[in-house]
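Take a first look at this protein chain. We will go from its overall build to two particular bonds.

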Amino acid sequence: VDAAQANLDRGLATIRKNYERSVSRGSLKPEQLEQRMALIAPTLDYAALADADLIVEAVFENMALKKEIFAKLDAVARPGAILGTNTSTLDIDEIAAVTKRPQDVIGLHFFSPANVMQLLEIVRVKTPVPTAPDVLATALEVAKQIGKKPVVSGVCDGFIGNRMLAGYFAQANQ
């Protein structure tokens with residue numbers, strides 16, 4: 001889902017280009033590229049997400065925008081759907097609080113570029129209601145299925161990866 005068709009087109013072109021690179025390296029067959037592309041259903045309509053089991057929001061780091069999107073997701077997602085945010089620094093508790101299902105909200109911070117980097121930070125909501133155990137277990141299983149190395153974190157400044165980098169950058173700046 002995106003707000004503009006041009007953004008969807010650009011995203012699909014990037015995905016195709018990444019798959020084509022895999023084909024050229026021999027790690028993917030051309031027919032697999034087309035099969036995978038056929039699985040993607042771009043849309044401008046949030047209602048298309050109504051039957052999804054897992055929805056991952058991945059807009060830029062803007063709390064107001066993320067809250068707006070999570071309110072929309074909360075309105076259209078089926079009960080029990082997992083709502084993930086790909087934030088690297090924002091307070092996931094604050095994002096979860098705009099929903100009627102904070103127990104179904106989780107941070108899924110994919111490091112960039114997501115198609116290459118293996119680390120996936122899985123960030124549990126603490127308040128207003130903690131992330132449900134089945135949501136955490138599902139996030140860990142999904143990470144495994146997509147070939148990521150999950151690390152579980154609580155809500156804190158920078159989570160794990162960026163928190164470590166902050167120390168390195170501070171020392172480098174010294």
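Helices and strands here are DSSP runs, numbered from the N terminus; a helix has at least four residues and a strand at least two. With that in hand, find strand E3 (105–110) and strand E4 (119–124) in this predicted model. Pro113 sits in the loop between them.

The peptide bond that runs from Ser112 to Pro113 is cis, and its omega is near 0 degrees. In general, most peptide bonds are trans. Now move along to the loop between E4 and helix H5 (133–145), where Pro128 is found. The bond from Thr127 to Pro128 is also cis. Its omega is near 5 degrees.

Step back to the whole chain. How many helices and strands does the protein chain have? There are 6 helices and 5 strands. Read from the N terminus, their order is α-α-β-α-β-α-β-β-α-β-α. The radius of gyration is 17 Å, close to the 16 Å that the globule rule gives for 174 residues, so the chain is as compact as a globular protein of that length. Along the principal axes, the C-alpha atoms fill a box of roughly 45 × 45 × 30 Å.

What about the inside? Of the 174 residues, 32% are buried, with buried meaning under 20% relative accessible area. Take the contacts between residues at least 6 apart in sequence: 59% of them join residues at least 24 apart.

Finally, the surface and the charges. The chain exposes about 10,200 Å², and carbon and sulfur atoms supply 56% of that area. The chain carries 19 positive and 20 negative charges, whose mean positions lie 6 Å apart.

Technical notes:
Residues numbered from 1 in each chain as written. Predicted model: local features only at pLDDT ≥ 70, side-chain atom pairs only at ≥ 80, totals over all residues. Heavy atoms only, no water. Rg over C-alpha atoms; globule rule 2.2 N^0.38 Å. Buried < 20%, exposed > 50% of the residue type's maximum accessible area, 1.4 Å probe, protein only. Contact = heavy atoms within 4.5 Å. Areas by Shrake-Rupley, 256 points an atom, 1.4 Å probe, with all protein chains shown as cover. Lys, Arg positive; Asp, Glu negative; His and termini not counted. Charge placed at Lys NZ, Arg CZ, Asp CG, Glu CD.
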